[in-house]
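Colleague: I've got this model open on my screen. Can you walk me through the fold, and then what sits around the ligand?

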Amino acid sequence: MANGLTYMRNTSTPEATKQLASTLAPYLRPGDVVLLNGDLGAGKTQFVQGVAAALGVRAPVTSPTFNILLEYAEGRLPLYHFDLYRLDEPAQLDDIDYFGVIDGDGASFVEWAEKFPDDMPYDYLEITITADERGTRRIVAHSYGSRSRQLLCVWANDSKARLG
Ligand code: ADP
Ligand code: MG
């Protein structure tokens, strides 16, 4: 497995988080998996909203906490938005065909994957969002696997060029 890359940015508004997320969208391919870590209210769903808008999803993107999985089919590629917060057992991942979906035809964003450390995808980008005392978000992305390394590399270059 290739060595991981790390990329870090701060955002001071929800719009800035969505804008950063929007620069990732053009590079997403079927089978890409992004795990989103961070406390409740950190901005994980905001990030997915930015990705969705940039993929061409016009439907409102809401938290999948109660649905576990929400799918958006109208964009450039299918978007799968998971929230594993309400799952208790790793076996429930099979009930929702978690590995089948993330290996499928779209890009997957997963909130609360850290609940299941023994069930990590094969290759994934991990994005950790932390709020500081002033409300700024620190967004740290790290790649696990060669595809995610490549994805993070092009995203980091492009977002630096676009956002400074
Ligand atoms: P999570 O999915 O991590 O629980 P949400 O994305 O649903 O969190 O909510 C994040 C909340 O924090 C929103 O109410 C948003 O307006 C607010 N917020 C404030 N500053 C930021 C920021 N820089 N980035 C993202 N969200 C922010
Ligand atoms: Mg959320």
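Colleague: In what order do the seven strands of the open sheet come?

Modeller: Quick caveat: this is a predicted model, so local features need pLDDT of at least 70 and side-chain atom pairs count only at pLDDT 80 or more, while totals for chains, interfaces and linings use all residues. Residues are numbered from 1 along each chain as its sequence is written, and chains are lettered from A and ligands numbered from 1 in the order in which they are written. Strands (DSSP E runs of at least two residues) and helices (H or I runs of at least four) are numbered from the N terminus, and two strands pair if DSSP finds at least two bridges between them. The pairing here is mixed, and the order is β1-β7-β6-β2-β5-β4-β3.

Colleague: Which are the edge strands?

Modeller: Look for strands that pair on one side only. Those are β1 (6-11) and β3.

Colleague: Which residue in β4 is the bridge partner of Leu70?

Modeller: Strands β3 (residues 69-72) and β4 (residues 79-83) run antiparallel, joined by four bridges. They make a hairpin with six residues between them. The β4 partner of Leu70 is His81.

Colleague: And what is the bridge partner of Phe82 in β5?

Modeller: Here β4 runs parallel to β5 (residues 107-111), with five bridges between them. Phe82 is partnered by Val110.

Colleague: What angle does helix α2 make with β4?

Modeller: Helix α2 (residues 44-55) packs on the sheet, touching β2, β3, β4, β5 and β6. Contact means C-beta atoms, placed from the backbone, within 7 Å. Axes are lines fitted to C-alpha atoms, for helices over the stretch in contact, and angles run from 0 to 180 degrees between N-to-C directions. For α2 and β4 that gives about 170°.

Colleague: Which element gives the most to the largest nonpolar core?

Modeller: That core has 38 residues, with Val34, Val51 and Val110 among those with the most contacts inside it. It's a set of buried Ala, Val, Leu, Ile, Met, Phe, Trp, Tyr and Cys residues joined through C-beta atoms within 7 Å, where buried means 20 or more other C-beta atoms within 10 Å of a residue's own. With five residues, the top contributor is α2.

Colleague: Which elements give two or more residues to the shell around ligand 1?

Modeller: The shell has 18 residues (C-beta atom, placed from the backbone, within 6 Å), and the closest include Thr17, Gly43 and Lys44. The elements you want are α1 (14-22) and α2.

Technical notes: Contact = placed C-beta atoms within 7 Å. Buried ≥ 20, exposed ≤ 12 C-beta atoms within 10 Å, placed from the backbone.
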